[in-house]
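Trainee: Could you pick one part of this protein and take me through it slowly? After that, I'd like to hear what surrounds it in the rest of the chain.

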Amino acid sequence: MLAALPVGITKDGGVLTNVEIRVPTGGMLRQARDDFLNNKHRDLYFNLLKAGVESIEDIGAPSTQDLNGMYMVDAEYVFYVLALLDCAGEWPKTEHTCPDCEHRFKREFDLSAIEVVRLGDEGFECPFDNPDRAAPFTLSQPIAGIDPDDPERGYVQGKVGLMRFGDYMELLVSQKKRGIGTIQSESLLRAITELGPDWRGIATLKTLDKISSPDLKRIEKTYNADKPGVKPEEEIVCPECGAKIPLPPYNWVTDFFVSNAD
Ligand SMILES: [Zn+2]
């Protein structure tokens, strides 16, 4: 299926967004289930992305480097399309319990109704809509220790960028040994593309730990909100009492593709 990536791949000064996504095959499903059940999460996402992206305009079949360089929001979009194609119009049923009236109900989850926001969409103001795919931020308190030539010097200006698929793969490898707070920090550490002279490769969690909590939350907010990509609804309404029921974030691969959700 021909699809348009929400952000796209930058190549020779241009941005490539048109990709051909393969209708999932039995082989892809078998591989994904094997990787999932064997707890090989890195292989699960990488193999599925590699098999799922049949070709990219002007590139053809993507190399490992092309895939690792894709933005995570684009990779998530590919996984969403694979889940969508996998359903073949028979939407999965999801089960919910209302926290207010305890009413239990199932609902048909129409994946085709989900909104996808792309850079350049009319009315979508995105801080990542620039050649660097990075949004600037200013810290309220300078942090030091990031300039090897001048460790005392403090910096306040930085940029947070969209995460690459390859960075996410690295995170998955380290994930097993760490707690969720550390994983979130590791994720942000990779997303901050600039702060001081040379942030990436020099900054560690210890550097990030020095940033004040309100500053960190502001950076996280910039990073998480206003991102292009697949935007599933975040809450549904209880059909019995009308209360709003918050929904957890979806994982298109494990919740829909490899699972046997009915
Ligand atoms: Zn209710």
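Mentor: Happy to! In this predicted model, strands S4 and S5 make a hairpin, with 6 residues between the two strands. Look at Glu-102 in that turn: its phi is positive, at about 65°. S4 covers residues 93-97, while S5 covers residues 104-108. The two strands run antiparallel and are joined by 5 bridges. To see one of these pairings, find Glu-95, whose bridge partner in S5 is Lys-106.

Now let's step back to the whole chain. The domain assignment gives domain 1 as 2-123 + 229-257, and domain 2 as 134-224. Their centres, taken over C-alpha atoms, are 27 Å apart. Where the two domains touch, 14 residues of domain 1 are in contact with 9 residues of domain 2. On the domain 1 side, the elements giving two or more residues are helix H2 (41-52), helix H3 (64-69) and helix H4 (72-87). H2 has the largest share, with 5 residues. By type, the residues on this side of domain 1 are 10 nonpolar, 3 polar and 1 charged.

Next, find the open sheet of 3 strands, ordered S7-S8-S9 with antiparallel pairing. Strands S7 (134-143) and S9 (192-195) each have a single partner strand, so one side of each is left without a neighbour in the sheet. On average, neighbouring strands here are turned by 25° against each other, direction ignored. S7 is joined to S8 (residues 155-161) by 6 bridges, and Ala-135 stands opposite Val-160 in S8. Helix H8, residues 213-224, lies across S7 and S8, and runs at about 175° to S7.

One last stop is Thr-182, which sits in helix H6 (residues 180-191). Thr-182 has 14 other C-beta atoms within 10 Å, so it is partly exposed. In sequence, Thr-182 and Leu-205 are 23 residues apart, yet in space they are 8.3 Å apart, C-alpha to C-alpha.

Definitions and conventions: Residues numbered from 1 in each chain as written. Predicted model: local features only at pLDDT ≥ 70, side-chain atom pairs only at ≥ 80, totals over all residues. Pairing = 2+ DSSP bridges. Helix = DSSP H or I, 4+ residues; strand = E, 2+ residues; numbered from the N terminus. Axes fitted to C-alpha atoms, helices over the stretch in contact; angles between N-to-C directions. Contact = placed C-beta atoms within 7 Å. Buried ≥ 20, exposed ≤ 12 C-beta atoms within 10 Å, placed from the backbone. Domains from an automatic or database assignment. Nonpolar A, V, L, I, M, F, W, Y, C, P; charged D, E, K, R; others polar.
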